[in-house]
Amino acid sequence: MIPEIGQFLLLLALGVSLVQGVLPLAGAQRGRADWMALARPASYAQFILVALAFVCLTASFVRHDFSVLYVASNSNSALPLAYRIAAVWGGHEGSLLLWVLMLAAWTAAVARFSRSLPIVFVARILAVLGLVAVGFYLFMLVTSNPFDRLIPAAADGRDLNPLLQDPGMVIHPPMLYMGYVGFSVAYAFAIAALIGGNLDATWARWTRPWTSAAWIFLTFGIGLGSWWAYNELGWGGWWFWDPVENASFMPWLVGTALIHSLAVTEKRGGFKVWTVLLAIMAFSLSLLGTFLVRSGVLSSVHAFATDPRRGLFILVFLVIVIGASLLLYAWRAPSVGLGQRFALFSKESMLLVNNMLLVVACGAVLLGTLYPLFLDALGMGKISVGPPYFDTVFALMMAPLLLLMGVGPLMRWKQDDAGSLARRLRWAVVVAIVAALAAGWAMGRISPATTGGLFLGCWIVAAIGVDLVERLKPRAGLGGSVFGRARLLPRAMVGMMVAHLGVAVFAIGVSMVKTYETERDVKMGPDSSTEIAGYVFRLLSLKDVQGPNYNAVQGRIEVSHNGRVIAMLSPEKRIYRVQNNPMTESDVDSNLFRDLYVSMGEQLPNGDWIVRVQHKPFIAWIWGGCLVMMLGGALAASDRRYRLRQTRSADLPAGAGAAR
Amino acid sequence: MKPRHKRAAIALGVLSAVGVAAALVLNAFNSNLVFFYTPAQIAAKEAPQGRTFRVGGLVEAGSVKREGVTVNFVVTDTVKAVPVRYEGVLPDLFKEGKGVVAQGQLGPDGVFTAREVLAKHDENYMPPEAADALQKAEKMRNQMAGTLAPAAATGAKP
């Protein structure tokens, strides 16, 4: 009965989203206040309906209802409760349900927190979101219904993919989807503004917090995915340039460009046409990501769908969304007009270069990701693009980006003077060079690439320091203590500094790991030992372990450094009973400056094991950097000027927020 | 400089920067394309030596031999086979009789030295490259059977 209720709720949600997508839009065109007024209640109703449907599916998992095909394929009576709940989005159908749930949640949030916006604008935004939802409901109901029955019911389920039985997996997809789907809000704002012809600084101010929020979730989702792959796949790598990773990274790159371009639109009224295009691109890439990941064209842990109808449906959906958006764009954009002029040496120019680098980098990733698929689709042979391509291109694009990240925030809008800027930053350059060389020297080996990366990281930190010192200097009309003045700094500015600091931390982590990591695959029996980077790994014993739904061999490995025992690691090799799949469960001893990573390979006929031991200096900084970036995004999004009432902001002349 | 000239200079600068970036990207792209060959193609000497490529198919049953960290096995498309050598930890789902894709270089002795071995995350899932190799081999066998069958029929007549 519960699955049928869920199915019915989904059908109702489809109906409501149709109303939400059509009537308010028509009402906004014709000036019918009663039709526009439908947008908000429809959004809330849609959210409640799909949330209840989600609860129905979750209930089927919790109650072990193996008469539901999706439950039977992704769960098992021995699966622990937490993973049964996570299994709701462990497969194709359920992850789509999660997608529409997220979309409905964002939509309801926009409906709730848009009180200060004109109703015409809100109606259009919610209608665009409703139309996107219609597409996804149809996709789910036509090709991938999570509530399909299995008759006769299975005696037991086929279990959740063992790789997905990990705490990281419980939160990785929801966070990533929050990010993906979050860009639909920026997209809806852009489309609504295109239709209404009100692309201006106010529109940019309304869009910014939503874009930042989506970006925070996407950053978290990607970082978490990387951390999960590092811990769970047993190879010790943190980024593989796998097409699926690229699919989530491309919207991130464009979304980052969008955040910066929105700043120009809000503060200077410039880049408007470009900003809209970025918003359309960010959401299109999110959809493309869904298509790539869900269509089964990619070989990956994420590829579930094997039904070609599904891939076709998403492809058609993608073409309609992108095609319609670009048509609207081509029609309306020429009438938007340009912003204020700026000199070659100005903050605007820096942000323009930032945008170009990010978009070119995204284009390069797109090329490397899609080209093999195109060749394959055209029957011109199978190829793949190696990680060295992505590494090279990224070093190429990111080096100037990071260099400018130090300069840009200190520059003035409209026009600045190169000489005075160089004077302001001269100490930052010296500090960065010294710090980079010192770090290389401390690690015992100086390589040009790493020194470059470290220099860029330290340079950003030093430049932020200069910026902060200048802003906290006592000025006319701004007395009080340093702390008093610090408290007066706008949140958005502090957010920017913190986010850039996160990038610096990330860059330092990547540089250190890339150059100084060491790994070794060794044959180990009880009481044998091996050494890397001064750490001695000794295998003490091997024992059999029983888990709830797996059997495992567990090694106990003692790690010592300079004769002192510092850690005890217990990696496992598990065999999951239902699917009879082996799984490597690595164990990691982690601190701020290095990870010691141990995973078990396979057993040799004489009982010894192949063990992979790795030393990864500074790898925690990679994820730490992501967290700091997120914190920066959160600070920026919570700036109080975004929460000011429309009446207030309408009183101010356009661009009044531009004062630095 | 007049403003008009200045704008032209900016446009030119931006265009050339994008041009240089595109050239560098495409160059890196071109030198990092990894092609795929089936065991049959390798047997027919179509695969290059000294350049990294991928080979895919099934791990031949009974072919996996370990000597310490080094492992030797045979990848087959059921018609032709190629011996592979690999050093290190194999992926969890590497199994005899299952699909596999190896990336590496072909040596002059005909042994493929793999730098990377990919087996996929689902037991029912066949890597597309491996599936492709098997399909091609199937086609070839059918063609051969097609040409051989009439001969066999005529041979059986007397």
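## The surroundings of Gly408(A)

Leaving aside neighbours within four places in sequence, Gly408(A) is in contact with Lys347(A), Met350(A), Leu351(A) and Asn354(A); two residues are in contact if their C-beta atoms, placed from the backbone, lie within 7 Å. Gly408(A) is placed in the loop between α14 (387-407) and α15 (418-443) of chain A. Helices (H or I, at least four residues) and strands (E, at least two) are DSSP runs, numbered from the N terminus. Because Gly408(A) has 21 C-beta neighbours inside 10 Å, this glycine counts as buried. A residue is called buried if 20 or more other C-beta atoms lie within 10 Å of its own, exposed if 12 or fewer, and partly exposed in between, with C-beta atoms placed from the backbone. From Gly408(A) to Val494(A) the C-alpha distance is 15 Å in space, and the two are 86 residues apart in sequence.

## Basis of the model

This is a predicted model, in which local features need pLDDT of at least 70 and side-chain atom pairs count only at pLDDT 80 or more, while totals for chains, interfaces and linings use all residues. Residues are numbered from 1 along each chain as its sequence is written, and chains are lettered from A and ligands numbered from 1 in the order in which they are written.

## Chain A as a whole

Chain A contains 20 helices and eleven strands. Its C-alpha atoms fill a box of roughly 80 × 70 × 55 Å along the principal axes. Of the 660 residues in chain A, 52% are buried. Among the contacts in chain A with a separation of 6 or more, 75% join residues 24 or more positions apart.

Chain A is divided into domain 1 (2-397), domain 2 (417-474 + 481-516) and domain 3 (518-618), with bounds that come from an automatic or database domain assignment. The centres of domain 1 and domain 3 of chain A, taken over C-alpha atoms, are separated by 38 Å. Eleven residues of domain 1 of chain A are in contact with 15 residues of domain 3 of chain A. The side of domain 1 of chain A that touches domain 3 of chain A has five nonpolar, four polar and two charged residues. In this scheme Ala, Val, Leu, Ile, Met, Phe, Trp, Tyr, Cys and Pro count as nonpolar, Asp, Glu, Lys and Arg as charged, and the others, Gly among them, as polar.

## Nonpolar cores

A nonpolar core is a set of buried Ala, Val, Leu, Ile, Met, Phe, Trp, Tyr and Cys residues joined through C-beta atoms within 7 Å. The largest one has 195 residues, of which Val100(A), Leu103(A), Ala186(A), Phe189(A) and Val254(A) touch the most other members. Helix α8 (residues 167-196) of chain A gives the most to this core, with 18 residues. Not counting residues up to four places away in sequence, Phe189(A) touches Ile125(A), Trp203(A), Trp206(A), Thr207(A) and Trp210(A). Another core, of 41 residues, lies apart from the largest one and has Phe537(A), Ile557(A), Leu596(A) and Ala102(B) among its members.

## Strand β11 of chain A and its partners

Eight of the nine residues of strand β11 (residues 609-617) of chain A are buried. Strand β2 (residues 518-524) of chain A runs antiparallel to β11(A) and is joined to it by seven bridges; two strands pair if DSSP finds at least two bridges between them. Within this pairing, Glu519(A) stands opposite Gln614(A).

Strand β10 (residues 594-603) of chain A also pairs with β11(A) in the antiparallel sense, over eight bridges, and Asp595(A) stands opposite Lys616(A). β10(A) and β11(A) form a hairpin with five residues between them, and Gly607(A) in the turn has a positive phi of about 95°.

Chain B has three helices and seven strands, which run α-β-α-β-β-β-β-β-β-α from the N terminus on. Buried residues make up 32% of its 158 residues.

The contact between the chains takes 31 residues from chain B and 33 residues from chain A. On the side of chain B that touches chain A, α1 (3-31), β1 (33-37) and α3 (128-156) of chain B each supply at least two residues, and α1(B) gives the most, with eight. By class, this side of chain B has 17 nonpolar, four polar and ten charged residues. Strand β1 (residues 383-385) of chain A and β1(B) run antiparallel and are joined by three bridges; Ile383(A) has Phe35(B) as its bridge partner.
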